[in-house]
Amino acid sequence: MNKLFFGGLVCLATLLLVGCIEESVVVKVNRDGSGVVHVRSYHQKANLGFSIGSSKQETSQEKDPNEGLPTEEKLQALAERLGTGVRVESVAAATNPQGWNGFEVVFAFDDVNELVLSDQLFTLGHKSKKDAEDAEGTEPNSSKTGPHEKFSLVEGTRFQLQGDRLLISRDSDHQLQANANQQPREATKDPFAEAPKSPGVVSITGPQMEKFMSQVLKDARMGLFVELESGIGETNARYHNEDQVTLFKIEIGPLLEQKPLVDKLSRLSHRYHGPELRSETQKLADQIKGLDIDIEDQISIQFAN
């Protein structure tokens, strides 16, 4: 279960190379079952050039605001993956209140019962081999991707509209069992597995690096939200306001200041399994500032009268 949560954290951490990010997905559902999936993706890119005794920084404001927009092919491929009848309604370059450049994409759907969320909603602005493979609908190279790496906070989230009540379900237990039943791969001979001839090790860890990471990632965050037309009546969602529920919200800045708790969360699966792991994970996540996660397999939201 901890892989479910830390997929999002790893995604953010790897973006240290390009700068701070802010990514959100809001699924808005109307009473008739139609609605939109609104994706917002912003990046504060920072290219650091070092010289003796000085540094310089090039911010994203100096770059072309249209740079990094997802291609039409990529958007169409994702629309098909999101479900029958899902279509791209709009895509445009945008700037958030912090002045970071990025884009916003709106997917429209006619029937929320056909909607299935995908991790690719949070990778539309990323350039990588895996991203390209996903956009084409192909499976990543199995030699590089283990079963746990496919587990996420987003993938496979489904919706069911029953009258004035929206049910949000996850098949996490099914995925975990499938992973557990998967046969282990045969071992391979790695020519790099032998000890290197030189014992020298270069480390970039330490207080200075931690301070640098804190500064670069302090404002990084990502989240997934569901909004109901005319507001929310009753709900069992852990995090909600008058018209939205939060499925997850991750803020990297506070997490960097709570390393012992975050490390403890990453080790829970070594001690617990099944429902007990779910319970222990939720209890610990509730103690971590900047980590709002609701791991209920089914969340019920009623439209307000």
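## Exercises on a predicted model

Glutamine 258 counts as buried because its relative accessibility is 15%, where buried means under 20% relative accessible area, exposed over 50%, and partly exposed in between (1.4 Å probe, protein chains only). This is a predicted model, in which local features need pLDDT of at least 70, side-chain atom pairs count only at pLDDT 80 or more, and totals for chains, interfaces and linings use all residues. Residues are numbered from 1 along each chain as its sequence is written, and side-chain values use heavy atoms, with hydrogens and water left out.

**Exercise 1.** Describe the surroundings of glutamine 258.

*Solution.* 
- Step 1: Glutamine 258 sits in the loop between α6 (252–256) and α7 (259–266); helices (H or I, at least four residues) and strands (E, at least two) are DSSP runs, numbered from the N terminus.
- Step 2: list its contacts (heavy atoms within 4.5 Å). Setting aside neighbours within four places in sequence, glutamine 258 touches Gln287, Ile288 and Lys289.
- Step 3: look at the side chain. One of its polar atoms is 2.7 Å from the backbone oxygen of lysine 289.

**Exercise 2.** Work out the strand order of the open sheet of 4 strands.

*Solution.* 
- Step 1: read the order. The sheet runs β7-β8-β13-β10, with antiparallel pairing; two strands pair if DSSP finds at least two bridges between them.
- Step 2: find the edges. β7 (158–162) and β10 (232–235) each pair on one side only.
- Step 3: examine one pair. β8 (residues 165–169) and β13 (residues 298–303) are joined by 5 bridges in the antiparallel sense, and arginine 165 stands opposite glutamine 302 in β13.

Notes: Polar contact = N/O pair within 3.5 Å; in protein donor to acceptor, adjacent residues only side chain to side chain.
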